[in-house]
Amino acid sequence: LMTRHLATIKSLAWHMLGDDVTAEDIAQDVFLKTWLKAASWEPGQAKLITWMRRVTTNMCLDRLRKHKEKLPGELPDMISEDAGADQTLVEAEQSERVQAALQDLPERQRAAITLCHYQYCSQSEAADILGVSVRAYESLLARARRSLKAMLSETDSFKPATISGEMS
């Protein structure tokens, strides 16, 4: 079960919380809860991964409500050997901007974006995870996309400094 779903659960938690250590804690809690509830699991109600995503999302929302401060602990991204250093830097800066904007979204909008774009959930599955109708989920997702677009367009005026080639 962990081999199959750990990366998915941890990724969901990381995108919701923006912190690697906390995401690992949430993932561990989700698998513990899954283990403890396994005896009472009733197949046919929902897919197990859907239930686990819902538990993860709820735990993340609870954590966000209780802890508003951002905790350190993110591990640095691995540098790709395929791209040049400048391309890697641009991609890392863009990823950081998107993640920062994602963290500034309201909790439920962040969950909607994460389930859609990072977890690749269908609209009906994401709506089920969030406990809303498909129509309400679509509305939530549309608001989240508009908000992200507005936040990212505000920072588009910032362009990273380029190296002029001058040596000092």
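Helices here are DSSP runs of H or I with at least four residues, strands are E runs of at least two, and both are numbered from the N terminus.

Ground rules next. The model is predicted, so local features need pLDDT of at least 70, side-chain atom pairs count only at pLDDT 80 or more, and totals for chains, interfaces and linings use all residues. Residues are numbered from 1 along each chain as its sequence is written, and side-chain values use heavy atoms, with hydrogens and water left out.

Confidence. pLDDT is the predictor's confidence in each residue, from 0 to 100. The mean is 83, and 80% of residues reach 70 or more. Contact means heavy atoms within 4.5 Å.

Overall numbers. Take contacts between residues at least 6 apart in sequence: 69% of them join residues at least 24 apart. The accessible surface comes to about 11,100 Å², and 55% of it belongs to carbon and sulfur atoms. Areas come from Shrake-Rupley with a 1.4 Å probe; for residues, only the protein chains shown count as cover. Of the 168 residues, 33% are buried. Buried means under 20% relative accessible area, exposed means over 50%, and partly exposed is in between, with a 1.4 Å probe and protein chains only.

Now helix α2. Thr-34 is found there. Is Thr-34 buried or exposed? Buried, at 7% relative accessibility. Leaving aside neighbours within four places, Thr-34 is in contact with Leu-1, Leu-48, Trp-51 and Met-52. Thr-34 and Trp-51 are 17 residues apart along the chain, with C-alpha atoms separated by 9.1 Å.

Leu-32 is also in α2, residues 20-37. Leu-32 is partly exposed, at 48% relative accessibility. With Trp-35 and Leu-36, Leu-32 forms a nonpolar surface patch of about 410 Å² accessible area together. Such a patch joins nonpolar side chains (Val, Leu, Ile, Met, Phe, Trp, Tyr) within 5 Å, while like charges are joined within 9 Å; members have over 30% relative accessible area and no salt bridge.

Salt bridges. The structure holds six. The criterion is a side-chain nitrogen of Lys or Arg within 4 Å of a carboxyl oxygen of Asp or Glu. One pairs Glu-24 with Lys-10, closest N and O atoms 3.1 Å apart. Glu-24 lies in α2 and Lys-10 in α1, residues 2-17, so the pair ties together parts 14 residues apart in sequence. Lys-10, Asp-20 and Glu-24 are linked in a salt-bridge network.

Another joins Arg-54 and Asp-128, at 3.9 Å, N to O. Arg-54 is in α3, residues 48-66, and Asp-128 in α6, 74 residues apart. A further one joins Arg-65 and Glu-107, at 3.3 Å between closest N and O atoms. That pair links α3 to α5 across 42 residues. Arg-65 is partly exposed, at 47%, whereas Glu-107 is buried, at 14%.

Last, backbone angles. Most residues other than glycine have a negative phi. Tyr-120 is not a glycine, yet has a positive phi of about 55°. Where is Tyr-120 found? In the loop between α5 (107-118) and α6 (123-130). Tyr-120 is exposed, at 67% relative accessible area. Just after α6, Gly-131 takes a positive phi of about 75°. Within α6, the buried residues are Glu-125, Ala-126, Ala-127, Ile-129 and Leu-130.
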